[in-house]
Structures are given as C-alpha cells and as structure tokens.
Amino acid sequence: MLNVIKSELYKTSRRPYPYVVTGVCCSLALAYVVIAALANRGLELSKQLRFESVVFLIIPLLSIGVYFALMAVDIVFSEEYKHLTLRNTLSFGLPRPRVYLGKLLAEFLVALAMLAVILLVALGSGLMLLSPGELSPGA
C-alpha cells in the first residue's frame, strides 16, 4: 500500500497540473490582499480593511473544498484514464482495493498540501500587507 501511495505521489509531483491549480488559487488570494491593501491607502484608520477581513473571507471559502475534491481526483487519476495505464498496474498483480485506496490516500495528501500552500499564501500575505486589528481586552 505504501508503495502505491509513493508511486502516485511521485507521478503527481511530476505533472504541472497541481502546480498550475495551486498557483492560480494563490494568485487569486494574493490579488484580493493586494487590492485590499491598495484600497486602504485613501481610507481613514477606522475604515481600513485589516487582516481579520482576510480571515473572515477565507472561512466561508473553505466550503469550496468540496468541489476541489473533484479536482484532486482529476489530478491523481487523469493520466491513468487518458493513457489507459491503470490496467498495467492491475495486471502486475496488485488487488484493486489496494490500488484504489492508495490513490484515494494520495489524493487526500495532494489536497492537504494544496490547501496548506494556499492558506499559507493567503494568510501570510494578509499578515504582511494588512495590519492586524487591535485585540479586545477580553480576548
């Protein structure tokens, strides 16, 4: 099972598709933060967007992860269906459940890595470009 996961992660890391998807999502998050930072220039301090506005935007957007699961499936499985190479793996003697479970775990790991990178870019750029608000005394 571990060999199946390693091989899927190796194949996935050699394709440009996950990097392009992650790059597009990171650039959209970075664009939001840069636009918010540029919009803050003309506003008074009490009306400026802060780091919390980035966090409050990201929280509802996490539900988009349900649709990104389909993208993670496509990232891991797309080459198998395009080139019809899944039959080679199965003819080697590996049982189907082991192959599919290995692919599922590889998809999960790819999706977690993409999520971590996107959140790191969004929150990191928000923290660097937008000043954090003041903490309330009760917090």
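Tyr 67 counts as exposed, at 59% relative accessibility, where exposed is over 50% relative accessible area, buried under 20% and partly exposed in between (1.4 Å probe, protein chains only). The model is predicted, so local features need pLDDT of at least 70 and side-chain atom pairs pLDDT 80 or more, while totals for chains, interfaces and linings use all residues. Residues are numbered from 1 along each chain as its sequence is written, and side-chain values use heavy atoms, with hydrogens and water left out.

Tyr 67 sits in helix α4; helices are DSSP runs (H or I, at least four residues) numbered from the N terminus. Together with Leu 57, Leu 61, Ile 64, Val 66 and Phe 68, Tyr 67 makes a nonpolar surface patch of about 560 Å². Such patches take Val, Leu, Ile, Met, Phe, Trp or Tyr with over 30% relative accessible area and no salt bridge, side chains being joined within 5 Å; the areas are Shrake-Rupley values with a 1.4 Å probe, and for residues only the protein chains shown count as cover. Helices α3 (51-61) and α4 (65-83) each supply at least two residues, with α4 giving the most, 3 residues.

Over in helix α6 (residues 96-129) there is Glu 107, which is buried yet has no salt bridge (a Lys or Arg side-chain nitrogen within 4 Å of an Asp or Glu carboxyl oxygen). The nearest side chain of opposite charge, Lys 103, is 7.0 Å away; Lys and Arg count as positive, Asp and Glu as negative, with His and the chain ends not counted. Leaving aside residues up to four places away in sequence, Glu 107 touches Ala 72, Val 73, Val 76 and Phe 77 (heavy atoms within 4.5 Å).

Notes:
Patches are made of residues with over 30% relative accessible area and no salt bridge: like charges are joined within 9 Å, nonpolar side chains (Val, Leu, Ile, Met, Phe, Trp, Tyr) within 5 Å.
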